[in-house]
Amino acid sequence: MTLKSMIAAAAFAALAGGAQADVKVGMITTLSGGGAGLGLDVRDGFLLALKQSGRDDIEMIIEDDQQKPDVAVQIADRMIQAEDVDVLTGIIWSNLAMAVVPGAVAQGKIYLSPNAGPSALAGKGCHPNYFNVAWQNDNLHEAAGAYANSAGYTNSFILAPNYPAGQDALTGYKRFYEGELSGEVYTKLGQTDYAAEIAQIRASGADSVFFFLPGGMGISFLKQYADSGVDIPLIGPAFSFDQGILQAVGDAALGVVNTSQWAKDLDNPANAAFVESFEAEYGRLPSLYASQGFDTGNLMISALDKAEVSDVEGFRAALKAADFASTRGDFAFGPNNHPIQDIYVREVIKEGDIYTNKTIGVAIENHADAYAAECGM
Amino acid sequence: MTDPVLEVRGVSKSFGALIASNDINLDLYPGEIHALIGPNGAGKSTLIKQISGGLRPDSGRVHFAGRDVTDLSTAARARLGMGRTFQISSLAMDYTVLQNAVLGALGHRGDVFRFFRPAMTDPELLDRARDSLETVGLEEFHAVRTSELSHGQRRQLEVAVALTLSPKVFLMDEPMAGLGGEGSHRLMGFLDGLRSQAPILLVEHDMDAVFALADRISVLVYGEIIATGTVGEIRENPEVRSAYLGEEDA
Amino acid sequence: MSSILLIEQALNGLQFGVMLFLMAAGLTLIFGVMGLINLAHGSLFMIGAFAAATVAAATGSFLLALAASLAAAAVAGVIVEVVVIRRLYDRDHLDQVLATFALILIFSEGTRWVFGSFPLFLDRPDWLSGSVMLPFGIRYSLYRLAIILVGLAVAAALFLMISRTRIGIQIRAGENDREMIGALGVNISLLYTLVFALGAALAGFAGALIGAIQSVQVGMGEPVLILAFVVIVIGGIGSIKGAFIGSILVGMTDTLGRSLLPALFGLFMDPAAATSVGASLASMSIYILMAGVLLFRPKGLFGGT
Amino acid sequence: MRRETILNFSLLGLLFLFPLWAWVADEPFLITLATRAVIFAIAGVGLNLALGFGGLVSFGHALFFGLGGYAMGILAHHAQTYVPMFTWPFVIEGTTSMPIIWLTAIAVSALVALGVGALSLRTSGVYFIMITLAFAQMFYYFAISWSAYGGEDGLSIYVRNEFPGLNTMDPIQFYAICYVILLVMLFFVFRLSRSSFGLMLGAARQNEDRVQALGQVPYRMYLTAFVISGAITGLAGALFADLNRFVSPVMFDWHTSGEIMIFVILGGVGRVLGPVAGAALFILLEHSLGGVSDYWHIYLGAILLGVVLFARGGLFGLIAGREVAHD
């Protein structure tokens, strides 16, 4: 070891010339491939928060995970081992989060999730270093179930892709929904044609359809659903009605009700300022993901204002206090470091030439997730 | 009289309307060279394929070394001792001459599923391979890549590989094709001596070679054997003369 | 399940199959004539959809958009053929797989570079929206019905072209014996480019038709590509007839599998588990079909012996 | 010494010295990167056996890579949750012992390769390419929907599995394990390529008629090569899962098959160390191009295309020239 430490010391002496930023933040997110839109929004929202804070002691390292778990793990390893970052964030997809987060927090890093909220990390796998600033995966589906009750639906047809997030979605909906099910269908992940499912919906006699089909799957489903002429009302989580993809769905999405913890027109000063500044900065309307990135950035800054990042206990306490102006209004962390927040009901409308969402009510107030009790923290 | 090593009994094969083999009977006795001649398209290659196992006859049987092999695969017939050379050279072109010969020795020994011991340093395989290369006169080319051999050398190598198998019969599909005068002459001399090791069923176009070498000749025309006999008998056979030799002379 | 629903599902399967045929026909032609395995065929599908979306957004005309998809994909096909594919004809399949795999990377990322990361908008035209009443009280989407009819028309046109026209004769000659068409005095290089462009145009056309009821996004061609390969392997590579039969088989198996299997498992399992198991099996069904076909006919249904 | 031999030894030397340097310079991430390259190389060595020596263009080797990964994931998952895998007819517990996991990965991959190969090898050419792809897709969709083991989310294990006497969480020690396995596999494949089997397999690739005329059945040679090939790639999958401490259906994805194929071709088909050069080059490209542009796939594609079109024989072909027949 002595040889190693001698050479290492020499190498360090040579490298230590430049000034070091006080806080290093590693962002692993999806910037290439089909899912890049979400990652770009999270990144831009986060960077906007950083810019508005005016702090210049935060160094950002941003890497593209290509939506591949092994690449994400590799980047995380590098950020932790070579770059020695203090905080990690940015991951969009649950499967990537499951690959990266447990290892990262076990190595003493703070992880702030701007999007994914797999149940394993909310329940048994919770960790004091892991903070979810978006939602637990089930939340929006649970809210959809609650909305279905209040809207008087008693016979829902529900469908989602056959993978864990899809199974969680249907479970989440059923957790709050009190009526009957006229059908429950799992589709293939990445499926592009829903004719068979829509035919089943038509024949089912349901009074409402709940669907969770993220990304391109949702676009395909909505267009085909509108084309089929079936007029049973649709309910879905916000993911298929996001600013980025609504324009690709077009008229087919008009009037569809969806649940979200954020909306462009939420009436609070932080949100108004965010929407305006985001549009000014990037020339497009902010999406749900941008708002989550923005909130994540602001949460981190609020904690940095209170405590040094090297003071782990203090920094965690400062994060947990969630003392920042969230774009969603009230925001607090539950015992498992997952949000307790209102979840709203939105409806897709057309503003001029742009399709967007309008808030029409609250689905659940101060909603916490179902797994907090399993968390032994 | 001894029993034939190879017997073809009533073999027929047709492709749609084309009758390639029509009730063919043929046999091969120890120590003889039996030549199969016939004009192009007479069905010689089809017959060879049925004997070696590449094609299944529609009817009829093939007996070899005392058993019915009609239902056996090419590989199984080869293992029983059918040594074959191909009309179009069928060698491993990326291998050296020696490697091709060792391949034959390996096929003869049969223990192919060995994964660790290098084949090219196995003295038993090498001896056998070198012997046969020497017999055909290719020993000095042992390190040459097969694709770089001349046409005639490839024919020699084909024969050498067949030799390594120590077969009970040789099926040779036009071994002289494309050889120059000297090459043919040399190969003829060699085949002449080979018949004492194992009988040869020789498909050949080169009439001089056939008449010089063969003990018996069968003439195949339009899928039928029109005559079988000694060189003299075939020379005199009027049917053969009109159907075949007449054309050849013209 | 009611018989009306079953008929509707069969129609859906037919529509899916017809769409697959547009992809598979080009693939199988290109393989049959040039002996080339083209993984980048899905990229041409994507290019057709993006071209259609762009033109539709600019002009508002669906027909113009369709024309643009044909043109853009054909032009892309010609460029790719001349620059890259041409060098691959006498290579082995391995080189072809790899080079066209590289083309996928270039096309996908290049499209994202030009059009951004968000899906584009493309909708069916108003005159094809809504649904129609078919006999026996079946209500069916007009647009899907149109896809079936257009697809069948294209299939018929392809059969006619191959059996009746001069270029069709050349194509058939090329499938049988590549040297012979050279001897006939046909300009092989031109013929190859034409066949490739035709295949590309069909793929682009399919992309535009499907793009109107799906998401127009980067990578949209890949799932279809793999299905199209399954189709031509089942049908026998190089056979247009095989591609047609294979397409319908795969379309039907996939669609009916998705709707029937969960119900089937529901007969003896609890509903939630049946849905999940049935869906899993349905997603594997076409691959099982393919393995089954190859087990009995290693060269596909119409692949010769 | 022949240029290929020199290249072989420089490659192995580089893979020995580079991580050592990274360790001294305290750059653990570079060690991780090298580990990735070595594991990919092992996967490529496996495929090369089928593809390079047997001429079997398998577009489905992700299947074995994934199986190896899941063998590791499932065994470790059960060990960490103390839930036995089976309780009937006898109890099978999970394990965190690397050697047992490796053996399981090899056995499972070989078994599946036997089944898949027996069916697929009835076909040849493009049909073979496509049917192997289809089998891998089948497993991909199965893994996505198999919720007991995480489905699409995959399975995380929080610590690396154990190897007696070593601390596997230490990057350099884990690298050492992978490097030694690579050497063992290379030695095995090197010997195999020169063995009776290797000689006959190569002959079958060049000329099936010849092999039959020698009394051998090409199908059996191919199937054996395919099984060994799958087993080696499966072992690489288990190591890869351990490197990431995570396994997911992405390992079964057809892009993974394509990438393993790229390692082999980039390096040089049929060269024993071809996949090693290819994997190292791929990691290098991925790492350096990723920094150039978000759209780095375009450059990767262009480079690949260039290699296929203009540098036949890959890196080895470029540097060491045409393959020399060995005896």
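This section describes the domains, chain contacts, helix packing and backbone exceptions of a predicted model.

In chain A, domain 1 comprises residues 21-135 + 262-333, and domain 2 comprises residues 139-260 + 342-374. The centres of domain 1 of chain A and domain 2 of chain A, taken over C-alpha atoms, are separated by 26 Å. The contact between these domains involves 22 residues of domain 1 of chain A and 23 residues of domain 2 of chain A. On the side of domain 1 of chain A that touches domain 2 of chain A, at least two residues each are supplied by helix 2 (36-53), helix 5 (119-122) and helix 12 (288-306) of chain A. That side of domain 1 of chain A contains 9 nonpolar, 8 polar and 5 charged residues.

Helix 2 of chain A and helix 12 of chain A also pack against each other, at an angle of about 35° and with their axes 7 Å apart. The crossing of helix 2 of chain A with helix 12 of chain A is right-handed. From helix 2 of chain A, the residues that meet helix 12 of chain A are A:Leu38, A:Asp41, A:Val42, A:Arg43, A:Asp44, A:Gly45, A:Phe46, A:Leu48, A:Ala49, A:Leu50 and A:Ser53. Their counterparts in helix 12 of chain A are A:Tyr289, A:Ala290, A:Ser291, A:Gln292, A:Gly293, A:Phe294, A:Thr296, A:Gly297, A:Asn298 and A:Ile301. By class, the contact of helix 2 of chain A with helix 12 of chain A consists of 10 nonpolar, 8 polar and 3 charged residues.

The domain assignment of chain B likewise gives two parts, domain 1 (1-81 + 167-250) and domain 2 (91-166). Between the centres of domain 1 of chain B and domain 2 of chain B, taken over C-alpha atoms, the separation is 26 Å. Domain 1 of chain B contributes 9 residues to the contact, and domain 2 of chain B contributes 9 residues. The side of domain 1 of chain B that touches domain 2 of chain B is made up of 5 nonpolar, 3 polar and 1 charged residues.

Turning to contacts between chains, 42 residues from chain C meet 33 residues from chain A. The side of chain C that touches chain A draws at least two residues from each of helix 1 (3-34), helix 4 (93-115), helix 5 (142-164), helix 10 (240-266) and helix 11 (271-296) of chain C. Helix 11 of chain C provides the largest share of this side, 7 residues. The composition of the side of chain C that touches chain A is 16 nonpolar, 19 polar and 7 charged residues.

The contact of chain D with chain B involves 23 residues of chain D and 33 residues of chain B. Two or more residues of the side of chain D that touches chain B come from each of helix 6 (171-194), helix 7 (196-206) and helix 8 (208-213) of chain D. Helix 7 of chain D gives the most to this side, with 7 residues. The side of chain D that touches chain B has 9 nonpolar, 9 polar and 5 charged residues.

Within chain D, the axes of helix 3 (residues 62-81) and helix 9 (residues 218-244) come within 6 Å and cross at roughly 50°. Helix 3 of chain D and helix 9 of chain D are therefore oblique to each other. Their crossing is right-handed. The contact of helix 3 of chain D with helix 9 of chain D has 10 nonpolar, 8 polar and 1 charged residues.

Most residues other than glycine have a negative phi. In chain B, B:Ala65 has a positive phi, near 50°. B:Ala65 lies in the loop between strand 4 (59-64) and strand 5 (67-68) of chain B. With 14 other C-beta atoms within 10 Å, B:Ala65 is partly exposed. Phi of B:Glu174 is also positive, near 50°. B:Glu174 is placed in the loop between strand 7 (169-173) and helix 6 (181-194) of chain B. B:Glu174 has 20 C-beta neighbours inside 10 Å and therefore counts as buried.

Conventions:
Residues numbered from 1 in each chain as written. Chains lettered and ligands numbered in written order. Predicted model: local features only at pLDDT ≥ 70, side-chain atom pairs only at ≥ 80, totals over all residues. Domains from an automatic or database assignment. Contact = placed C-beta atoms within 7 Å. Helix = DSSP H or I, 4+ residues; strand = E, 2+ residues; numbered from the N terminus. Nonpolar A, V, L, I, M, F, W, Y, C, P; charged D, E, K, R; others polar. Axes fitted to C-alpha atoms, helices over the stretch in contact; angles between N-to-C directions. Left-handed = near helix turned anticlockwise from the far one by under 90°. Parallel < 35°, antiparallel > 145°, perpendicular 65-115°, else oblique. Buried ≥ 20, exposed ≤ 12 C-beta atoms within 10 Å, placed from the backbone.
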